[in-house]
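I opened this model with a notebook beside me. These are my entries, in the order I looked things up.

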Amino acid sequence: MPHVLLVEDDPAIRGAVIRGLTERGHAVASAATGMAGLELAVANAPDVVVLDLGLPDVEGRTVLRMLRGASSVPVVVATARDDESEIVAVLNAGADDYVVKPFSAAQLDARIRAVLRRMGEDRSSGAVEVGGLRLDPRSHEATLDGRDLELSPREFALLHYLAVRAGEVVSKRELLAEVWHLPYGGADKTVDVHVSWLRRKLGETAHQARYLHTVRGVGVRVAAPER
């Protein structure tokens, strides 16, 4: 039975979501403020957090960043804001998926199960090695030539997705769909920014690429450095 932590300040929405998810086989705990949600997330280690952005004490994106500093628990953001820039911002901040209000319990249930399924697939797959780069999705550890890489959850997901397909050029549209779970294009800069951050951590640049290669107008490719 999946254990869900719902962080939502509106009592009517909170009650409806709890009933809907409970009927669909989830165990649901809830909090009405961001700080209470953080405390429950750290203390109880839920399987997934459903996080409202409009909280009375701390803005939801701040709660998300604080949560990401303490836990890798999957987070589905619930937001009334449906513009692309807002959605990209919360995904970049570490959310795994989002739902736009108003949403049905069935839709939220499907989102939660999809996130948990992806997490299960990651944990069940083995470590990936490309040259001196090693990524283990089970422990979320990344190393380069034996040295630990401090990657954010999104950076790890992006690099792992590319490493599994080492040698292939992966389009930015595919990366947005599979890593950011965005069902549309138009946010290529999101990929570019994260690739730039990864390059710095890998000790390379776009002009002197070792692992991360951008193919202009096509996408991104990971390959082992040539000896």
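**Entry: a proline in a loop.** I went to Pro-102, which sits in the loop between β5 (97-100) and α5 (105-124). I checked the peptide bond joining Lys-101 and Pro-102 and found it cis, with omega about -5 degrees.

**Entry: ground rules.** I noted that this is a predicted model, where local features need pLDDT of at least 70, side-chain atom pairs count only at pLDDT 80 or more, and totals for chains, interfaces and linings use all residues. Residues are numbered from 1 along each chain as its sequence is written, and side-chain values use heavy atoms, with hydrogens and water left out.

**Entry: the whole chain.** I looked up the helices and strands: the chain has 8 helices and 11 strands. Then I looked at its extent. Along the principal axes, the C-alpha atoms fill a box of roughly 60 × 35 × 30 Å. Does the radius of gyration agree or disagree with that of a compact globule? It agrees, because a compact globule of 227 residues would have a radius near 17 Å and the chain has 18 Å. This radius is taken over C-alpha atoms, and the globule rule is 2.2 Å times the number of residues to the power 0.38.

I turned to burial next. Of the 227 residues, 45% count as buried. Buried means under 20% relative accessible area, exposed means over 50%, and partly exposed lies in between (1.4 Å probe, protein chains only). The accessible surface of the chain is about 11,100 Å², and 49% of it belongs to carbon and sulfur atoms. Those areas come from the Shrake-Rupley method with a 1.4 Å probe; for residues, only the protein chains shown count as cover.

I also looked at contacts, meaning heavy atoms within 4.5 Å. Among contacts between residues at least 6 apart in sequence, 55% join residues at least 24 apart.

**Entry: positive phi angles.** Which residue takes a positive phi just after α4? I found Gly-94, at about 125 degrees. In helix α4 itself (residues 84-92), the buried residues are Glu-86, Ile-87, Val-88, Val-90 and Leu-91.

Ala-45 is not a glycine, yet its phi is positive, about 45 degrees. I placed Ala-45 in the loop between α2 (34-44) and β3 (48-52). Ala-45 is exposed, at 57% relative accessible area.

Asp-145 is not a glycine either, and its phi is about 55 degrees, again positive. The loop between β8 (141-144) and β9 (147-148) holds Asp-145. Asp-145 counts as exposed, because its relative accessibility is 58%.

Entry: I picked Val-48 in strand β3. Is Val-48 buried or exposed? Val-48 counts as buried because its relative accessibility is 0%. Leaving aside neighbours within four places in sequence, its contacts include Val-4, Val-73, Pro-74 and Leu-116. Leu-6 is 42 residues from Val-48 along the chain, and their C-alpha atoms are separated by 8.7 Å.

Val-4 came next, in strand β1 (residues 3-7). Val-4 counts as buried, at 2% relative accessibility. Not counting residues up to four places away in sequence, Val-4 touches Leu-21, His-26 and Val-50, among others. Val-75 is 71 residues from Val-4 along the chain, with 9.9 Å between their C-alpha atoms.

**Entry: strand pairing.** I reminded myself that strands of a sheet pair through backbone hydrogen bonds, either parallel or antiparallel. Here, two strands pair if DSSP finds at least two bridges between them.

What is the order of the 4 strands in the open sheet? I read it as β6-β7-β8-β9, with antiparallel pairing. The edge strands are β6 (128-130) and β9, each pairing on one side only. I traced 3 bridges between β6 and strand β7 (residues 133-136). Val-130 stands opposite Leu-133 in β7.

I finished on strand β10 (residues 212-215) and strand β11 (residues 219-222), an antiparallel pair with 4 bridges. Thr-214 has Val-220 in β11 as its bridge partner, and Val-215 has Gly-219. This hairpin has 3 residues between the strands, and Gly-217 takes a positive phi near 80 degrees.

Technical notes:
Helices (H or I, at least four residues) and strands (E, at least two) are DSSP runs, numbered from the N terminus.
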